[in-house]
Amino acid sequence: MLDDLGLVPALNWHAREARKRTGLNVVVFAADIIDSLPDEHRTCIFRLVQEAVNNAVRHAKARTVEVAVRREHQNVNVTVEDDGAGIDTRFLRGLGLLGMEERVRRLGGRLKISSEPGRGTIVHAALPVAELGQRNGHETNSYLVS
């Protein structure tokens, strides 16, 4: 689905499926420009969102999750915020978080998890990308890992 339809439709599909399966209200905010990212970035973002939403359902007992994916300067910022039970950040090595951290780090990015018991969780990733500017006098929407 990610390859055929693009990142934004795949994220919206995942949100609908999570809603159908669990009743969780998943809201996605993403600009179509992110569909022009390299495959590695799109896959990383989709898997990160997928894992964070699944954690919100399984562990946090959240009712709502907001997903935001935005291009800002030389980064793509991904934020997944839930209104669930929160987690004790001293014990962050489970819940698939290591896999998220590894994917983000492989692309030169940073992953930050903020949470307090009873106050939900925010997963934020910043993935670096650099615009290629012009190629042979033509504008391009391609991106390259910096």
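Tutor: Let us begin with a term: on a 1 Å grid over the protein atoms alone, a cavity is a set of points where a 1.4 Å probe fits but cannot get out. Please keep in mind throughout that this is a predicted model.

Student: OK, how many cavities of 30 Å³ or more are there?

Tutor: The count comes to one cavity of 30 Å³ or more, and the volume of this largest cavity is about 130 Å³.

Student: Which residues are closest to its centre?

Tutor: The lining of the largest cavity has 13 residues, and those closest to the centre are Ala52, Asn55, Ala56, Asp82 and Thr121.

Student: And which element gives the largest share of that lining?

Tutor: That is α3, which supplies three residues, while α3, β3 and β5 each supply at least two residues of the lining.

Student: What does the lining look like by class?

Tutor: Nine of the lining residues are nonpolar, three are polar and one is charged.

Student: Let's change topic to the strands. In what order do they sit in the sheet?

Tutor: Five strands make an open sheet with mixed pairing, and their order is β1-β2-β3-β5-β4. The strands at the edges are β1, residues 25-30, and β4, residues 110-115; each has a single partner strand, so one side of each is left without a neighbour in the sheet. On average, neighbouring strands of this sheet are turned by 10 degrees against each other, if direction is ignored.

Student: What about β3 and β5, how many bridges do they have?

Tutor: β3 and β5 pair over eight bridges, in the antiparallel sense, and Asn77 has Ala126 in β5 as its bridge partner.

Student: And how many join β4 to β5?

Tutor: Six bridges join β4 to β5, and these two strands run antiparallel; Lys112, for example, has its bridge partner His124 in β5. The two strands form a hairpin with five residues between them, and in the turn Gly118 has a positive phi of about 85 degrees.

Student: Is β5 mostly covered or mostly open?

Tutor: β5 is mostly covered, with six of its eight residues buried.

Student: You mentioned a positive phi for a glycine. What is the phi of Lys61, which is not a glycine?

Tutor: Lys61 has a positive phi of about 55 degrees, and its place is in the loop between α3 and β2.

Student: Why does Lys61 count as exposed?

Tutor: Exposed means over 50% relative accessible area, and Lys61 is at 59% relative accessibility, so Lys61 counts as exposed.

Student: Where is His73, then?

Tutor: His73 sits in the loop between β2 and β3. Its phi is near 55 degrees, again a positive value in a residue other than glycine, and because its relative accessibility is 73%, His73 counts as exposed.

Note on methods: Residues numbered from 1 in each chain as written. Predicted model: local features only at pLDDT ≥ 70, side-chain atom pairs only at ≥ 80, totals over all residues. Heavy atoms only, no water. Pairing = 2+ DSSP bridges. Helix = DSSP H or I, 4+ residues; strand = E, 2+ residues; numbered from the N terminus. Axes fitted to C-alpha atoms, helices over the stretch in contact; angles between N-to-C directions. Buried < 20%, exposed > 50% of the residue type's maximum accessible area, 1.4 Å probe, protein only. 1 Å grid on protein atoms, 1.4 Å probe; cavity = no way out; pocket = protein on both sides within 12 Å on 5 of 7 lines; lining within 4 Å. Points joined across faces, edges and corners; volume = space filled by probe spheres on them. Nonpolar A, V, L, I, M, F, W, Y, C, P; charged D, E, K, R; others polar.
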